[in-house]
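Biologist: I would like a close look at one part of this model, with the rest of the fold built up around it. Please keep it brisk.

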Amino acid sequence: MAELSISTAAGVFDATTAGPPEGRPVLLLHGFPQTRLAWEHQITALAAHGYRVVAPDQRGYSPGARPERPDDYCISLLVDDVLAITEELGWTTFDLVGHDWGGAVAWWTADAHPDRIRTLTVVSTPHPGALASALRTDEDQRARSHYMLDWRETPTTENGMLAHDADKLRTLYAGRIPQTSADAYVRHLSQPGALTAALNWYRSGRPERAIGTIDVPTLYVWSTEDTAFGPAAAQETGQWVKAPYRFETLQGISHWIPEEAPETLNRLLLEHLQSHQKR
């Protein structure tokens, strides 16, 4: 693995890269409250199979791309970041993988720019249309998503999360990821302005447009112990994909699939990529 700085009009993104430069390109997008470190196992596995992998710290997580206003974290700008990063890397097409908020960005990117995406893999996060439907009709999903309202509307959330050695922030990981990783995330998000920037993803307002169905070969991986996303949205997600679609459910695994079940995710991801060689 190597460290990489990717300069774009929106700022400089810190990234980890691995694999042969001529390898098939794969972009990995992390979620909240993590960093590119969440993909450590996937980076290693993909690189070992000859893929060229890049995992950036996304907008707000990279100090060089950390605007202050919540409006600067709207979904269209996050999608623009994906395009800017891959264009700077010289990738005309690429495989896109996302988890949590990174998964949401991946869905929106595949919807807006299907010509750029060879395959899509989303971990945990249902299609935004399926999630919106569940929020309207499913009491379980509304309860699971209530935290989003709290984080949007409570200006003191940052202080609460970081108090007492970031006990509340650490609670989000639920003991499901390595302690060293949790410590690294806490250190990163304790930087001045970092946690506010990360929470601004929740505070940026509604998407500017409706999302449609996805016309890109898609793998969606959901887990039964995910506290944020319930079965209603997960099961409806396939209705929002008109290209080849694979849905995998991991029993007894929490929201933190890339770190809690790395071998299973690596296998599914590699099978998906290898099943769609041409684009």
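Which residues does L27 touch, not counting residues up to four places away in sequence?

Modeller: L27 touches V54, P56, V82, I85, T86, W91, F94, D95, L96 and V97, with residues up to four places away in sequence not counted. Contact here means heavy atoms within 4.5 Å.

A word on the basis. This is a predicted model, in which local features need pLDDT of at least 70, side-chain atom pairs count only at pLDDT 80 or more, and totals for chains, interfaces and linings use all residues. Residues are numbered from 1 along each chain as its sequence is written, and side-chain values use heavy atoms, with hydrogens and water left out.

Now the core around L27. The largest nonpolar core has 59 residues. L27, F32, L96, W107, L120 and Y173 touch the most other members. A nonpolar core is a set of buried Ala, Val, Leu, Ile, Met, Phe, Trp, Tyr and Cys residues joined through side-chain atoms within 4.5 Å. Buried means under 20% relative accessible area, exposed means over 50%, and partly exposed lies in between, with a 1.4 Å probe and protein chains only. Helix α9 (residues 194–203) gives the most to this core, with six residues. There is also a second, separate core of 23 residues, which includes I43, L46, V53 and A261.

Stay with α9 for a moment. Nine of its ten residues are buried. Among them are A194, L195, L199 and W201. Just after α9, G205 takes a positive phi of about 100°.

W201 leads on to R59. R59 sits in the loop between β4 and α2 (75–89). R59 is buried, at 8% relative accessible area. Leaving aside neighbours within four places in sequence, R59 is in contact with W201, and also with A10, F13, A65, P67, D72, Y73, L77, L78 and D81.

Next, the sheet. Helices (H or I, at least four residues) and strands (E, at least two) are DSSP runs, numbered from the N terminus. The protein chain has twelve helices and eight strands. An open sheet of eight strands runs in the order β1-β2-β4-β3-β5-β6-β7-β8, with mixed pairing. β1 (2–8) and β8 (245–254) stand at the edges, each with a single partner strand, so one side of each has no neighbour in the sheet. On average, neighbouring strands of this sheet are turned by 20° against each other, direction ignored. For such angles, axes are lines fitted to C-alpha atoms, and the values run from 0 to 180 degrees between N-to-C directions.

One pairing is worth a look. Strand β2 (residues 11–18) pairs with strand β4 (residues 52–56) in the antiparallel sense, over four bridges. Two strands pair if DSSP finds at least two bridges between them. T16 stands opposite A55 in β4.

Some backbone details come next. Most residues other than glycine have a negative phi, and most peptide bonds are trans. The bond from F32 to P33 is cis, with omega near -10°. P33 is in the loop between β3 (25–29) and α1 (40–48). F32 is also one of the core residues that touch the most other members.

D100 has a positive phi of about 55°, although D100 is not a glycine. D100 lies in the loop between β5 (94–99) and α3 (101–112), and counts as buried at 7% relative accessibility. H164 also has a positive phi of about 55° without being a glycine. H164 is in helix α7, and is exposed at 67% relative accessible area.

R176 is in the loop between α7 (157–172) and α8 (179–189). At 31% relative accessibility, R176 counts as partly exposed. R176 and S254 are 78 residues apart in sequence, yet 7.2 Å apart in space, C-alpha to C-alpha. Setting aside neighbours within four places in sequence, R176 is in contact with S254, and with E225, G252, I253, W256 and E260.

Finally, the whole chain. Among contacts between residues at least 6 apart in sequence, 77% join residues at least 24 apart. Of the 279 residues, 56% count as buried. The C-alpha atoms fill a box of roughly 50 × 40 × 35 Å, taken along the principal axes.
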